[in-house]
Structures are given as structure tokens and as C-alpha cells.
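Open the structure in your viewer and keep the selection tool at hand. Each stop below tells you what to select and what is there.

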Amino acid sequence: MKVNDLRSALKLLKTLPGQLIETNVEADPVAEISGIYRYVGARGTCMRPSPLGPAMLFNNVKGHPDSRVLIGLLSSRERVAHLLGAPANKLGFLLKDSVQTPIAPIVIQTGSAPCQEVVHLATDKDFDIRKLVPAPTNTEEDAGPYITMGLCYGTDPENGNHDVTIHRLCLQSKDEISMYFVPGRHLDIFRQKYENANQPMPISISIGVDPAIEIAACFEPPTTPLGFDELSIAGSLRHQAVELTNCLTIKEKAIARAEYVIEGELLPNIRIREDQNTNTGKAMPEFPGYTGGMKPELPIIKVKAVTHRLNPIMQSCIGPSEEHVNMAGIPTEASILGMTEKALPGNVANVYAHSSGGGKYMAIIQFKKTKPVDEGRQRQAALLAFSAFSELKHVILVDDDVDIFDTNDVLWALNTRYQGDIDTIFIPGVRCHPLDPSQTPAFNPNIRDVGISCKTIFDCTVPFALKAKFQRSKFKELDPAKWVPELFNK
């Protein structure tokens with residue numbers, strides 16, 4: 001089944017048992033929707049109990065009679081595999097290849113785009129984004145309603161290059177949204193250029209799009225350097241260009257088949273406190289599993305318009321859920337595979353950006369040693385991984401007989417093929433991701449600044465000379481379907 005937007009993705013999931021559930025019971029977007037889904041299928045780094053389950057569609061959202069809210073679309077790697085049309089253990093390879101064969105987006109005629117079926121202008125008397133967009137408030141102590149799956153699209157004012165990224169967006173008033181930038185993001189580089197010229201930056205926020213776009217947008221340098229349009233990766237994944245359309249009130253483009261589009265401008269030299277409406281000191285739950293602290297000074301988007309499809313679907317994500325793991329983690333895997341394949345061809349069998357690290361902090365590398373000179377190259381692969389993805393904190397190296405997607409198997413390798421004093425490599429004083437709460441001078445006096453970490457390699461591979469002594473028990477190879485066909489003949 002062809003998938004080119006959110007609705008066709010949901011249509012596909014409805015044909016697959018256990019991948020999507022719906023409820024018509026009224027749910028409040030303030031804390032209830034995320035609270036419910038935590039028990040249904042969030043997993044990731046959420047507090048347990050939190051199973052890995054289906055995506056969930058809320059058809060009766062309090063205060064928003066004409067809208068629905070979808071959560072957890074990408075929270076299962078199996079579901080992502082169905083939506084992208086590749087085996088779950090080969091998604092990193094699919095993404096890696098798609099970076100090499102980009103298909104640039106195209107622009108369709110303004111007014112013909114599905115995302116512009118309904119138009120609300122900020123000049124309308126009753127305009128209020130908080131009433132138009134059913135953005136959930138994930139917990140009762142959040143700074144406010146958050147758009148967590150908004151594809152922010154902007155243009156470099158100097159050369160016309162484009163970038164699309166997902167950012168933390170808090171609805172602050174009827175026509176204002178705060179925007180948090182992790183240092184180094186390309187859109188922030190564009191914003192600073194506008195600000196230095198004291199000019200507002202046009203920006204569109206597309207919500208509810210083809211999942212291929214959401215995953216492609218999560219690539220980071222050096223795989224996608226400044227000026228690389230990640231929408232071209234989504235085009236490659238679908239073998240068809242992503243359709244854009246011109247916005248109605250700003251000089252920018254948006255994703256044509258999105259459910260919602262917010263058009264606005266990032267205002268120069270204006271900042272607000274993220275929790276100005278709640279004073280909780282908190283922002284929202286983030287991927288490491290903790291609620292992020294509010295930022296005292298964030299740029300503001302002045303909203304000019306909201307457009308949407310008829311009966312639109314608001315797509316949301318719980319920050320610590322498995323959904324973040326897959327969106328961030330699969331591009332991380334692709335980046336590591338791409339770099340190691342160039343430097344160490346044939347040695348790295350696979351990579352998994354582990355759930356416990358939110359898809360960013362931990363990578364497990366499956367390394368093949370086939371000859372004596374391969375000894376030591378496994379650690380080179382780990383160093384390459386840190387270069388491929390700068391926010392990576394830990395790398396676990398295992399042999400090719402270990403299932404990297406089975407945490408118990410990885411821990412088995414840690415327990416039987418690892419000695420802490422000789423197989424742990426510390427790389428202190430390296431900047432990592434700012435949301436790790438252990439990366440502070442208060443936690444470790446040797447850390448000079450918040451966001452600096454000790455990157456660590458855990459080498460759980462068997463020394464090549466000892467491989468014969470570390471053979472796993474060999475069971476008889478047979479076809480189990482003869483005895484239990486209900487489990488294997490599917």
C-alpha cells in the first residue's frame with residue numbers, strides 16, 4: 001500500500017493486527033492523552049509500567065470537537081518497518097542508502113495542497129492557536145501545551161538552502177510559540193543570520209506528515225551537513241519527491257500533505273521564559289526520561305496563520321517514549337553504518353541505537369573479526385561512531401554472534417566477554433547532548449561545563465586469538481514449524 005502522508009500511513013496500519021487502536025471516549029489533552037498512552041504503548045525511557053504497544057488515535061478530544069489526536073505512530077520498530085517497507089533489523093541500512101540517493105522536493109500549486117483546505121488567519125477576531133491546534137500538555141507540571149512532532153522548515157537568507165527539523169514548541173499565547181534550539185541546529189544558524197540583520201525569519205511548522213519525512217528530518221551532521229535538505233532523504237525512501245506548497249502569509253514553504261501547517265515568523269532579539277504561564281520551572285518530558293527544566297530565554301514565533309485539512313489529525317509524541325528512539329535512533333544507526341562502512345568495509349555487521357539512550361546516547365555495534373589484523377579495529381569502529389554522531393555517549397562492542405536488538409544477549413556478552421579494567425576506554429571532556437542530567441559539575445567535579453561528558457567504549461568482543469574458546473552452544477538446526485506451525489507458519 002502506497003504511503004505518502006499520515007492518512008495513508010494509518011490506512012496501512014489498519015490492515016495490520018495490533019498496530020493501531022482507536023478510542024471514542026473523551027480525553028483531555030491536558031495530561032490525560034499522554035497519561036493514557038504511557039500505559040498503552042509508550043515504552044522507551046518512560047517510568048514502568050509502560051509496555052510497547054500499538055499507536056493510538058483519540059477521536060474525541062476535549063475542547064476540539066473537529067480534531068483527533070494520534071500518538072505513538074513510530075513507537076514500535078516493527079511498525080516503522082511496515083511503514084518504510086524494510087525489515088526491522090535493516091532500517092539503518094535503508095536510511096544509509098537513502099542519504100546517498102536523494103530526491104529533491106517539488107513545489108505544487110498554492111491552494112491545491114490538502115494542508116490548505118481550511119484557513120485561519122491571525123487577523124481573524126477569534127483566532128487562537130490554543131483552540132485551533134489540540135497540542136497535548138504531557139504532564140500536569142509542563143510549561144504548557146507542546147507541539148512535539150512539528151516539522152519546522154526554514155531557509156538560509158544568504159544562499160537559499162533549506163532545512164527541516166523537529167523542535168520543542170510551546171504554545172504561549174493566542175498567536176505566540178516559544179522555540180527551543182539545541183546548540184548547533186541548522187535552523188538556529190539560519191535564525192541567527194536573520195537576527196543579526198534585525199529581520200524576522202519566516203518559518204512553517206508542518207504537523208501530521210508521512211512518517212518517512214519525520215524520520216528523515218532527524219538526521220544530523222556530518223551525515224547531513226549544513227545546506228543538505230533532509231526532505232530529499234524522504235523522497236528517496238518513497239522513490240517520489242516530497243510535495244511542498246507556498247505558505248499563504250509568509251515567504252516560505254510547507255509540507256503540502258500535512259494535517260496542520262502553522263505559518264509564522266521568528267522575531268529578532270525578543271526572548272521569553274518558557275514557563276511564563278505556569279511558573280513550574282519545568283518544560284516537558286524529554287527523551288532521557290526526565291522532565292526538562294524550563295529555559296529562561298527562548299525565541300518567539302509570531303503566528304500569522306493556521307491551515308489544515310478537513311477533520312485534521314494532530315500528531316504528538318511523548319518525549320521519553322520509544323517513538324523518539326526510532327525517530328532519532330534509526331538515522332543515528334545509518335550515520336554510523338555509513339562512516340564505518342567507508343573506513344572498515346566488511347567489519348561492521350549492524351548497529352542499534354539502543355532504547356535506553358533514547359536513540360542518541362548509546363549505540364551497540366556488531367563487529368566481525370575474520371582475521372588477526374581485525375583485532376583492535378573494533379575500537380576504531382567505536383571512535384568512528386562518536387565522529388558520525390556527536391551526541392553519542394556510550395558504545396558497546398559485541399561479536400557477530402550476539403543479537404544487538406536483544407538486550408539480554410548484549411548483557412550476556414558484557415558478563416562473559418568483558419573485563420572492566422582492560423575493556424573500558426574512557427574519553428573524558430567531550431561535549432555531548434545537553435539534556436543528560438549527569439553532565440554537570442555538580443554530578444562530577446571534573447566536568448567543566450554543563451553538556452560535557454565522558455564518552456565510554458565497552459569492548460565486549462572476544463580477542464581474535466581466543467575465538468575458538470568462546471563458541472556458543474550449538475543446537476541442532478531444524479525447522480520448528482513441523483512441531484509448532486501456529487508460531488512459525490505466518
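**Before you start**

This is a predicted model, in which local features need pLDDT of at least 70, side-chain atom pairs count only at pLDDT 80 or more, and totals for chains, interfaces and linings use all residues. Residues are numbered from 1 along each chain as its sequence is written, and side-chain values use heavy atoms, with hydrogens and water left out. Helices (H or I, at least four residues) and strands (E, at least two) are DSSP runs, numbered from the N terminus.

**Stop 1**

Two packed helices are described by the angle between their axes and the distance between the axes. Axes here are lines fitted to C-alpha atoms, for helices over the stretch in contact, and angles run from 0 to 180 degrees between N-to-C directions.

Select residues 77-84, helix α3, and then α4. Helix α4 covers residues 91-100. The axes of α3 and α4 are 11 Å apart, at an angle of about 40°. The two helices are therefore oblique to each other. (Angles under 35 degrees count as roughly parallel, over 145 as roughly antiparallel, 65 to 115 as roughly perpendicular and the rest as oblique.) α3 passes α4 in a left-handed crossing. (A crossing is left-handed if the near helix is turned anticlockwise from the far one by less than a right angle, and right-handed if clockwise.)

Which residues of α3 meet α4? Show Arg 77, Val 80, Ala 81 and Leu 84 in α3; they meet Leu 91, Gly 92, Leu 94 and Leu 95 in α4. (Contact means heavy atoms within 4.5 Å.) By class, this contact of α3 with α4 has 6 nonpolar, 1 polar and 1 charged residues. (Ala, Val, Leu, Ile, Met, Phe, Trp, Tyr, Cys and Pro count as nonpolar, Asp, Glu, Lys and Arg as charged, and the others, Gly among them, as polar.)

**Stop 2: α4 and α9**

Helix α9 spans residues 322-343. The axes of α4 and α9 come within 8 Å and cross at roughly 70°. These helices are therefore roughly perpendicular to each other. Their crossing is right-handed.

Now show side chains. On α4, pick Leu 91, Gly 92, Phe 93, Leu 95 and Lys 96. They meet Ile 330, Glu 333, Ala 334, Leu 337, Gly 338 and Glu 341 in α9. The contact of α4 with α9 holds 6 nonpolar, 2 polar and 3 charged residues.

**Stop 3: α9 and α10**

Stay on α9 and select residues 377-388, helix α10. The axes of α9 and α10 come within 9 Å and cross at roughly 130°. That makes α9 oblique to α10. The crossing of α9 and α10 is right-handed. From α9, the contact uses Ser 335, Ile 336, Met 339, Thr 340 and Ala 343. From α10 come Ala 381, Leu 384, Ala 385, Ser 387 and Ala 388. How many charged residues are in the contact of α9 with α10? There are no charged residues, with 7 nonpolar and 3 polar.

**Stop 4**

α10 lies across β19, β20, β21, β22 and β23 (452-460), running at about 150° to β23. Select these strands. They form an open sheet of 5 strands in the order β19-β20-β21-β23-β22, with mixed pairing. (Two strands pair if DSSP finds at least two bridges between them.) β19 (348-353) and β22 (424-431) stand at the edges with a single partner strand each, so one side of each lacks a neighbour in the sheet. Neighbouring strands here are turned by 15° against each other on average, direction ignored.

Zoom in on β20 (residues 362-367) and β21 (residues 394-399), which pair in the parallel sense over 6 bridges. Ile 364 stands opposite Ile 396 in β21.

**Stop 5: a sheet of 4 strands**

Select β1, β2, β3 and β18. Their open sheet has the order β1-β2-β3-β18, with mixed pairing. β1 (20-23) and β18 (313-316) are at the edges, each with a single partner strand, so one side of each is left without a neighbour in the sheet.

β2 (residues 55-58) and β3 (residues 68-71) pair in the antiparallel sense over 3 bridges. Leu 57 has Leu 70 in β3 as its bridge partner.

**Stop 6: a salt bridge**

Select Glu 259 and Arg 7. Their side chains meet in a salt bridge (2.8 Å, N to O). Glu 259 lies in the loop between β13 (253-255) and β14 (260-272) and Arg 7 in helix α1 (residues 6-13), so the pair ties together parts that are 252 residues apart in sequence. The count comes to 37 salt bridges. (A salt bridge is a side-chain nitrogen of Lys or Arg within 4 Å of a carboxyl oxygen of Asp or Glu.)

**Stop 7: Asn 198**

Last, select Asn 198, in the loop between α6 (186-196) and β11 (201-207). Leaving aside its neighbours within four places in sequence, Asn 198 is in contact with Pro 268 and Asn 269. Now draw a line from the C-alpha atom of Asn 198 to that of Ala 216, 18 residues apart along the chain: the separation is 31 Å.
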